[in-house]
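Biologist: I am new to this structure. Please walk me through it.

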Amino acid sequence: MLTELLINPAWRPCFRPHSDTQIVSVVMRQVHRITFHFLDYLWRIGARSTRAPVIEAPDTLTDRELESQNIDVDEMMWLFNHLELQRHTKPEYQILMFLAAVARYTTIPLSGLIRDQQHVGLLSQFMINSSDSSEYIPLRKNTKFPKKERFTWCMSEWVFIDNPGAPLERRRPLPKVFIPYLENYLRFHGLSPNGELPDVPTLPTGSWMCSMSLFGALDLFRRLRLEIAKVAEAEAHLARSYPPKLCFLTFGGIRRAERANITTQLEIFNQKVSQ
């Protein structure tokens with residue numbers, strides 16, 4: 001049949017229920033390349049009377065483009081609501097929700113939660129210090145913003161101490177919106193949020209003696225984000241572009257998306273003020 005029938009240039013080997021649904025581009029480009037070279041080969045050996053049709057590249061994003069796409073405000077809300085439901089069913093989701101909250105609401109690097117040769121990675125780095133209570137806007141210092149409470153994170157009495165006791169010790173203020181996630185995480189491990197926290201790994205594995213490695217934390221995102229993406233695919237009210245974003249969800253991606261969403265809100269606010 002390939003030697004007799006003309007190939008439709010608009011042909012796609014994958015079915016899309018909605019025209020705006022994105023397809024993972026790596027697979028599509030491989031199918032396009034193989035098909036083109038095969039039909040061109042048939043033409044060169046005389047099995048086809050016409051050359052291979054020029055098929056336009058599918059309108060899909062590359063893996064790097066998908067990975068760099070930010071999830072918007074509504075998508076972020078859906079993600080955290082989903083994690084809140086799942087944390088009661090699977091221990092790994094409680095850990096993922098804590099990491100997602102750290103990424104979204106704090107400036108703590110992921111490596112700062114890992115106990116290894118370079119980082120302390122202890123729960124005792126989370127402590128109460130009332131003198132650090134203030135307001136903080138999670139944007140770059142040169143970002144222009146209106147002095148409105150809606151764009152600030154009111155700081156709690158909690159702080160996170162980088163390099164405790166060292167010359168490079170640094171206190172990171174923690175916003176009030178983050179504290180419920182911290183308290184839930186402590187209770188998950190059978191600890192009370194009142195008083196000083198013990199010198200145990202922030203991300204324990206099985207027992208309090210061992211800490212999750214950085215690779216283990218990254219792998220947790222890789223495994224659970226696929227499960228989350230499958231759930232999102234079944235949600236009719238979500239945009240079809242959302243599940244592919246979730247397939248590339250990372251700690252850094254959540255932090256970048258939250259900053260981008262705040263910046264967008266500020267731009268909208270400034271436009272309304274200037275009108």
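Biologist: Where is the place of Pro-164?

Modeller: First, this is a predicted model, where local features need pLDDT of at least 70, side-chain atom pairs count only at pLDDT 80 or more, and totals for chains, interfaces and linings use all residues. Residues are numbered from 1 along each chain as its sequence is written, and side-chain values use heavy atoms, leaving out hydrogens and water. Helices (H or I, at least four residues) and strands (E, at least two) are DSSP runs, numbered from the N terminus. By that numbering, Pro-164 sits in the loop between S3 and S4.

Biologist: Which residues does Pro-164 touch, not counting residues up to four places away in sequence?

Modeller: Contact means heavy atoms within 4.5 Å. Leaving out residues up to four places away in sequence, Pro-164 touches Val-120, Gln-125 and Glu-169.

Biologist: What is the phi of Asn-163?

Modeller: Asn-163 lies in the loop between strand S3 (153-162) and strand S4 (170-175). Most residues other than glycine have a negative phi. Asn-163 is not a glycine, yet its phi is positive, at about 50°.

Biologist: Is Glu-75 buried or exposed?

Modeller: Glu-75 is found in helix H3 (residues 73-86). Buried means under 20% relative accessible area, exposed over 50%, and partly exposed in between (1.4 Å probe, protein chains only). The relative accessible area of Glu-75 is 6%, so Glu-75 is buried.

Biologist: How does H4 run relative to H5, roughly parallel or roughly antiparallel?

Modeller: Helix H4 (residues 91-105) and helix H5 (residues 179-188) pack at an angle of about 155°, with their axes 10 Å apart. Axes are lines fitted to C-alpha atoms, for helices over the stretch in contact, and angles run from 0 to 180 degrees between N-to-C directions. Angles under 35 degrees count as roughly parallel, over 145 as roughly antiparallel, 65 to 115 as roughly perpendicular and the rest as oblique. So H4 and H5 are roughly antiparallel.

Biologist: Which residues in H5 are met by H4?

Modeller: The H4 side includes Pro-91, Met-97 and Tyr-105. In H5, the residues met are Tyr-181, Leu-182, Asn-184, Tyr-185 and Phe-188.

Biologist: How many disulfides does a search of the whole structure find?

Modeller: A disulfide is a pair of cysteine sulfur atoms within 2.5 Å. Cys-210 is partly exposed at 43% relative accessible area, and Cys-247 is partly exposed at 27%. For disulfides, the search of the whole structure gives zero.
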